[in-house]
Amino acid sequence: MKIYLLTALLVLSTGAMAQTQAEENAQLKALQNEKSKAALQTKIRTLENGSAGDLNTLIQYYVKDSVKRVQVSRRLVRKYPESQEAMMVRLRPFMKLSKVEEAERLLQSMKKDYPGINLDMEKTLVACMYAEIPDTTSIMKHINTIEAPATRVAAITQALDIIAAFDNATALNMASGRLKAVQATKDLPAAGTGMRTDPKAVYYSFIKTYSKLLFKAGRNEEAYPFTMEAYEHSGERDAELVENYGFLSSLNGKYEAALPILSNSVKEGKFEKRYVDQVRKAYASLYPEKDAEAYISTLQQTFRDKVKAHVSTLLVDEPAPGFSISDVNGKKVSLADFEGKTIVLDFWATWCGPCVESFPAMQMAVDRYANDPDVKFLFIHCWENAPDPLSDAKNFLSKRDYKFDLYMDPRDPVTRRSAAADAFKIDGIPAKFIIDGRGRIRFSVAGFEGKAEAAAEEVIQMVEMARNQ
């Protein structure tokens, strides 16, 4: 999760980094392509005495030389402590930490080492690690010390997004308590900290998150004005915001705006009764002479046909490799233990953002087969980086209320590889395999994208095709 958080922090940085990227890439290529040792050393010495960007180029050049990489990193932080490049050097050590207490100590050490230097991003990262608990008191303790008001709003929003994944009520309570303070920052000038965070952009990002929290809580009347505001002003309208806008517009009688959005949602697998009901109302209001039920049926069938057509192109027939994994009680199981059953293997890890994004869809698929003894889902935790992987995985799923059968594919202490993942030749997660009752792989899916409903239906169609072969 911290890897994706760091990416989010980078999004806050605009201007200087983008402007120098092309130049740094050219410098890096010049170093890598230099054939003359004397000329190479001259170029290195020039960069060593150059700008923050020059030193950052050297850090990239020394990617395989950890000693020199550390030396140049220290030089960069000492010489240009307030540069964005130095900030990234300071942020990277946080990525190696699994405990918030360690991050807290590192932040306090940095405050002593870099007196007077802006550490807003470092504070944001620690605050967001507290959000994983969640510890709202500690979150706000750090956020309240962030110097730039816009960066403070951005930090609050990131913390809320983390908490909302498993505790909407706590996130909503925290957001409501900060609403007035956030609204007061909307028209402030951009901070001069080097990050140049746009106050309006982060304000609307907060409002978008706040509107979603209200919507999830069923507080539709309160959510409506904030959803309208976010929809009209957000630079990026994600699918959830658009869908919420359509639903709330329909509730408020704005059927012309709502119907295309809601119809598209149903056509993409949103069969939830309240959405279908709003399509029915909107369609009947706009086209009273037409058959709303036939319209809805066509939308739903379009979705099913599209998924079936796509899934049928992915069908394979390969022998599943032998593998051994352990359940939460330490009991080892293998492919032979599931003979005659259709099984879905989902390789994942707690730190994997796309894995987590796929879980709502996987829960839908699991629920579909909850009473079917011939279909088994195995969520296999691999490539772990936590001191206690089993507890880490169990707590992660429990906190988010996922009802998954958890299995462990631990790393070898020497090779640092996960045996079952290697058996399936996995090079990235999430990775899913649907295996039929004869032990044959019928589908192999990597990564995750799209809406939960569509992804869940794909898994369901794969299971059905696999069990009927």
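Buried means under 20% relative accessible area, exposed over 50%, and partly exposed in between, with a 1.4 Å probe and protein chains only. The model toured here is predicted: local features need pLDDT of at least 70 and side-chain atom pairs count only at pLDDT 80 or more, while totals for chains, interfaces and linings use all residues. Residues are numbered from 1 along each chain as its sequence is written, and side-chain values use heavy atoms, with hydrogens and water left out.

**The sheet**

Start with the strands; helices (H or I, at least four residues) and strands (E, at least two) are DSSP runs numbered from the N terminus. Two strands pair if DSSP finds at least two bridges between them. Eight strands make an open, mixed sheet in the order S1-S8-S7-S4-S5-S6-S2-S3. Its edges are strand S1 (318-319) and strand S3 (332-334), each of which pairs on one side only.

**Strand S7**

Select residues 431-435, which are strand S7. Which residues cover its two faces? Ala-431, Phe-433 and Ile-435 lie on one side, Lys-432 and Ile-434 on the other, and all are buried. Because five of the five residues of S7 are buried, the strand is largely enclosed by the rest of the structure.

Ile-343 has Ile-435 of S7 as its bridge partner.

Next show helix H21 (residues 452-467), which packs on the sheet and touches S4, strand S5 (375-382), S7 and strand S8 (440-446). Contact here means heavy atoms within 4.5 Å. The direction of H21 makes about 165 degrees with that of S8; axes are lines fitted to C-alpha atoms, for helices over the stretch in contact, and angles run from 0 to 180 degrees between N-to-C directions.

Move to S8, antiparallel to S7 and joined to it by five bridges. Ile-434 stands opposite Phe-443 in S8. The two strands form a hairpin with four residues between them, and Gly-439 in the turn has a positive phi of about 80 degrees.

**Strand S6**

Select residues 406-409, strand S6: Leu-406 and Met-408 point one way, Tyr-407 and Asp-409 the other, and all are buried. In a regular strand the side chains alternate between the two faces of the sheet.

S6 pairs with strand S2 (residues 324-327) in the antiparallel sense over two bridges, and Asp-327 stands opposite Tyr-407. With S5, the pairing of S6 is parallel, over four bridges; Phe-379 stands opposite Leu-406.

Finally, follow the chain from S5 through helix H19 (residues 389-399) to S6, a right-handed β-α-β crossover. Right-handed means that, with the strands pointing away from the viewer, the path from the first strand over the helix to the second runs clockwise.
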